Every structure is written in C-alpha cells, then in structure tokens.
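Okay, everyone, have a look at the structure I'm putting up. I'd like to talk through a few of its side-chain contacts.

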Amino acid sequence: MAHRLGLVLPLAGMAIQAGVVGAAELPELGEGQMSLADELASGFYSRVNLMAYTLVQETEDSTLNPDNAAEIPRYQWVLNPRADLNLNFRNWEFALKPRAEAIWEKWEDGPRDGDDQDSSELFLTEGWVRYRPFDELTLSYGRENLQWGPSVILSLSNPFTRDNGRNNPRVEVPGLDYYRAIWIPNENWTLSTIYNYGPGRSDDVEGYMTGQPSVGTGRLSDEEFEKIYAVKLDYTGSSGYASIIHSYRESDQHQTGFFAGWNASDALLLYTEGNVEHEGKTGYQFGASYTLEIGPTVNVEYLRDNNGCDDEPMIGCVLTGQFESRNVLHRQSYAMVQVTDNTSIRDLEYNIRYLRNLDDESQRFTGILEYDLTNHVQAYFTGNIFTGGDDDEFGTLLRYSVFTGVSYTF
C-alpha cells in the first residue's frame, strides 16, 4: 500500500501548505471580491466513473507459450471505480486520480487449468502539483501519463513509453513519475525539460489485461527501470506542427525523437514520427489520415523499427535478447489501415483497424465500439483476432480476445 500511495501524502501536504500560504496572503475582501471558500469552489472539478468490464480470451499453443506457460487467464471480470479530482487555485494546480480495482480471474488451460482467484487494490494512477511563477512558466511534480505524437500503431518518439493507449482506449496507460518545467514564450513555441525519476505504476500492470498481450510486458519492473532526462521543443503553426525530443538514459544511451504533421488540406493530414539512437539504430513512421465527406476518417501508416527482431522465429528473438520489455511490438516492419467515425451514427463511435507484420506476415484485426446509452451511461467493446504461425508475433499468444463493459459517469 505504501508503494501504491507513495505520491498521495506529498501531494496532499503540498496542497494544504499552498492553501495556507494563499489564505495568509488574502487581503480584506472588498465589494465584488470572492471569498476564499468561493475561490476554492470555483476552481474545483471532479469526475467519478464507475466501470465494469469482462475480458474473454483464448490462448494459442505455440513454441513460445506451450500449454499456456504464460498463465494467461481465460476469463476476467473487473469492477474499476475511477475518480478524477482537480483544483486550480491562483498560480497552483492540484490533481489526483485515485483508482480501485476488484478482479476475478479464471484459467481453463495450462499450469493453472481450473484455478480461479480474486484480488483487489487501491492505487494512484496519476497525481500532480503544478505551480506557475509567471504566465509563461509552469513547474510540475508528480505522476503522469505523458503522450504525444500523431502515430496510431505506437509512439517511437516517446522515450518514456511507446504505448499510446490506442489499442484499447478503456484500459489506462499507467503514469510514470516526473519533474517537469514547461516554458511557453509565445503561441508557437514550447520548451520542456523532463526528469523521469520513477517507474510509477508501470511495474504493476499486466499486459494481458488489455486483450492484446505482447511477448514483452510493455512495462518496466523496478529492476529494469532507468532514470531518463529529456528536453522537448515543440512548434505549432497555422498549417502544421513539429517536435524534437532529446533524451538521456542512465545506461548512457542517447536518443533523439521527432514527430511532425502537415495539414495538406482540410481533409488530409500527413505525418511522421521516429527516433535516432546514438551509436544505435533508427526507427521511423509515416502516415496519412483523410476525412471523407460522409464522415469516416481513414488512416494508413507504415512503421519501421530497426531495433526490432526481423526474420527469426519469435522464440529465437526471445532467447537471443532481441526485444525490450518496454516495447509494444517486437519485429521491424508493420503496415496499418484504420477507419474511425464518430459522426455518421448518432451516439456511436467505431474504430476498425488492420495491422500486418511485414516480417512474418502475421496479422491483428481490431474492432472498437463505444455507444452512449444515456448522458451518463456508456457501453463499449474491443475485439481482437490474431492470425499467424506459432513462431510468428501475432500467432504466439492469443487466437482472439473480447473486451466488453459498461460505465456510469457521475
């Protein structure tokens, strides 16, 4: 529990201290001035979301996962209350995102065939304190899920996490622990310094809970975690944007990431993303999205990661150490086509995605549906079908997965 709530007490303490200091500096109220209580109330925001979902998945008997050696459960039922709490008070911002999970799991093959178990936990997925000494500068401390870049498959430019959360938008990407300073001198430029000092929740999340497990976990354990220092420069113009991110990892690894997008027309966006590892290999993504007049948006994307494992069987990639735990995908070349739409059918948003591994020809088909039943109730579905040989990436762990649920927002 101390590990999971380690940020709560420092954040709460800073909030109380800031409130006391702010109250001490208050002048006597004049006509039309807000009281301290009114000022706090006007800056407070809360959102509570109660989620319940189930995950059904069938494992593949492969050379990498014989008789479900990875112990992936067949069924999961999860109750997941989520609270988002935010307070803006003068030059301060405080945020807490506590979560609770009650999980029941059952196995129908492998070493745990016939077993079931239940578990529960309370944790902080994100939480931060931000202070603005003046309008152009923001200082931030806490746990955050930092995301950027236009790519759909994953984010090669992000040195902290490549998982962009788009494979299953209802499963939160865990936050990492950061110190940040953000300087915005004008409307076009932003300069950020980022220090990732802790793994946050990334070592506590099981990859199979997304319905798209990977050979690696996509996360880092405490033992694997390395502190990262980064500088990020962003430019936003009238017809496009561009960013460059240079980072240094404690194992003496440098990486320069980049992404950019250009609005070629009102309907067409062209974009790229990638990284260059100093004394290492490069990775890059190219993509385009086009919005049709009838509503849907079509994305096409190509990914090349020269740090991945190319034509060996997946068991060979694992045994020779040609993959990193933090990676979402482990081969070198992929192509994707995606269709999304949230306007054609009232209250329904859908996403249909096809991802092909160009190295071993395995495939993943994904369908995501979200439907607003009422103003407060939403139903959702994420289904995956995996095809490929038992030595291929998408044919290694699962045959299919079905993720369904409902949520109520207060």
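So, E370: at 14% relative accessibility, E370 counts as buried, where buried means under 20% relative accessible area, exposed means over 50%, and partly exposed is in between, using a 1.4 Å probe and protein chains only. Its partner is R170, and the two form a salt bridge with the closest N and O atoms 3.7 Å apart. By salt bridge I mean a side-chain nitrogen of Lys or Arg within 4 Å of a carboxyl oxygen of Asp or Glu. This pair links distant parts of the chain: R170 is in the loop between strand 5 (137–144) and strand 6 (176–183), while E370 is in strand 16 (residues 363–372), 200 residues apart. The strands here are DSSP runs of E, at least two residues, and helices would be runs of H or I, at least four, all numbered from the N terminus. R170 is buried as well, with a relative accessible area of 13%.

Quick word on what you're looking at: this is a predicted model, so local features need pLDDT of at least 70 and side-chain atom pairs count only at pLDDT 80 or more, while totals for chains, interfaces and linings use all residues. Residues are numbered from 1 along each chain as its sequence is written, and side-chain values use heavy atoms, with hydrogens and water left out.

Back to the pairs. Side chains of opposite charge can pair when their charged atoms come close. How many salt bridges does a search of the whole structure find? It finds 21. One of them joins E58 and R399, with the closest N and O atoms 2.9 Å apart. E58 sits in strand 1 (residues 44–59) and R399 in strand 18 (residues 398–409), 341 residues apart. E58 is partly exposed at 21% relative accessibility, and R399 is partly exposed at 37%.

Next, E93 and R130 meet in a salt bridge at 3.5 Å, N to O. E93 is in strand 3 (residues 92–106) and R130 in strand 4 (residues 116–134), so this pair ties together parts 37 residues apart in sequence. Both E93 and R130 are buried.

There's also a network of salt bridges, linking R82, D84, R99 and E172.

Last thing: the disulfide. That's a covalent bond between the sulfur atoms of two cysteines; the cut-off is a pair of cysteine sulfur atoms within 2.5 Å. The count comes to one: C309 with C317, sulfur atoms 2.0 Å apart. The link of C309 and C317 is left-handed, with -75° about the S-S bond, and both C309 and C317 are buried.
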